[in-house]
Amino acid sequence: MGKALQLYYIGRQPLEKGLNIIGAHIDSPRMDVKQNPLYEDTDLAYFDTHYYGGIKKYQWVALPLALHGVIAKKDGTVVTVNVGEDENDPVMCVSDLLIHLSHEQMEKKASQVIDGEMLNLIVGGRPLENEEKDAVKANVLKILCEKYGMAEEDFLSAEIEVVPAGKARDLGFDRSMILGYGHDDRVCAFPSVDAILSLKETPERTCCCILADKEEIGSVGATGMQAHYFENAVAELIGLSGTYSDLILRRALRNSRMLSCDVSAGFDPNFASAFEKNNAAILGRGVCFNKFTGRGGKGGSNDANAEFIASLRACMDDAGVTYQFAELGKVDQGGGGTIAYICALYGMDVIDSGVAVLSMHAPYEVISKADLYEAKMGYLAFMQTK
Ligand code: MN
Ligand code: MN
């Protein structure tokens, strides 16, 4: 469905011996355009949105925003939407209330400053000539018709994502970091792909790189990690490499090892009280391993086995990879999850491993270039383990 990807490098050993898997997710928190999005209010045209994933809604106002996605039409054609990334493109935005009139708003809890239904995207302000009613909306529709050959009903079968516009940028005078949208989890997805493509000779065990969708909303749906496409693909590979049996498939999955490549919460000196420093990921100190995630006493977590972790320490040390062990903030401070627990259902060894991020899930997140580099080297070393 164009939303998830699996890459395999077939190893020397039979698949039954298990795979070395690195898995990241390629969806990020954002706003999605609703199915009946376009309306006009007081001479401005808007797209109504529904936010996707865990966001602080107040962070998504008063920012230049871009649109990415597809419009699928009844005749079977699919048009790609990409507006706001080219410097000559227009951008969209959600307005915020001016500070001068914000006395009431400033008294609100942060979770209520901007509520979900206020995330309405300004998409137009010019009326169509000779149009009496909703002339601004009519003009937007006219532009959309010219550009995409679409009618208003085609929004029903469109998927348009609203994200911060513009490129990732070097951060700091020393350019040691990158400020960008969607580091969670591209900062793990890219080094994962880079690592499997960097394998120079046939690995001992079959290597797999999975890039999954829908992690930010619970790994659900046909493209989320809870769908069985990974299992099905391994079954297909077993079929192609000899005789398929259910037992061989189960053994292949059980004997696999996995790095669930997802971002870790970087220690933020500005919010030090949310972290326990001895077990926090520090930016620049290498690729992170999280033995467990979860919340409230490790609830919902994949808790990796000590023996597996010991083998990873040996692997990373032998390869000269710089790494650190961390957990997601102070005990009882909050929590989160990844795709790790889903693959662990097969009985394979899984641990979370990724790059530390500041401002996770904000429109612009911060990572260290050194950590990104160590992640790639760590993933490469892991895939070559025997
Ligand atoms: Mn993530
Ligand atoms: Mn996330």
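Which residues lie nearest the centre of the largest pocket? They are Ala265, Leu328, Gly335, Met360 and His361, among a lining of 35 residues. This is a predicted model, in which local features need pLDDT of at least 70, side-chain atom pairs count only at pLDDT 80 or more, and totals for chains, interfaces and linings use all residues. Residues are numbered from 1 along each chain as its sequence is written, chains are lettered from A and ligands numbered from 1 in the order in which they are written, and side-chain values use heavy atoms, with hydrogens and water left out.

A pocket is an open set of points on a 1 Å grid over the protein atoms alone, where a 1.4 Å probe fits, with protein on both sides within 12 Å along at least five of seven lines; lining residues have an atom within 4 Å of a point.

Strand 13 (264-265), strand 17 (335-336) and strand 19 (356-358) each give its lining at least two residues; strands are DSSP runs of E, at least two residues, and helices runs of H or I, at least four, numbered from the N terminus. Domain 1 (5-28 + 182-383) and domain 2 (30-164) each contribute at least three residues to this lining, with bounds from an automatic or database domain assignment.

The second largest pocket holds about 960 Å³ of space. Of its 41 lining residues, Ile26, Arg30, His68, Glu161 and Arg186 lie nearest the centre. Strand 8 gives the most to this lining, with 6 residues.

Technical notes. Points joined across faces, edges and corners; volume = space filled by probe spheres on them.
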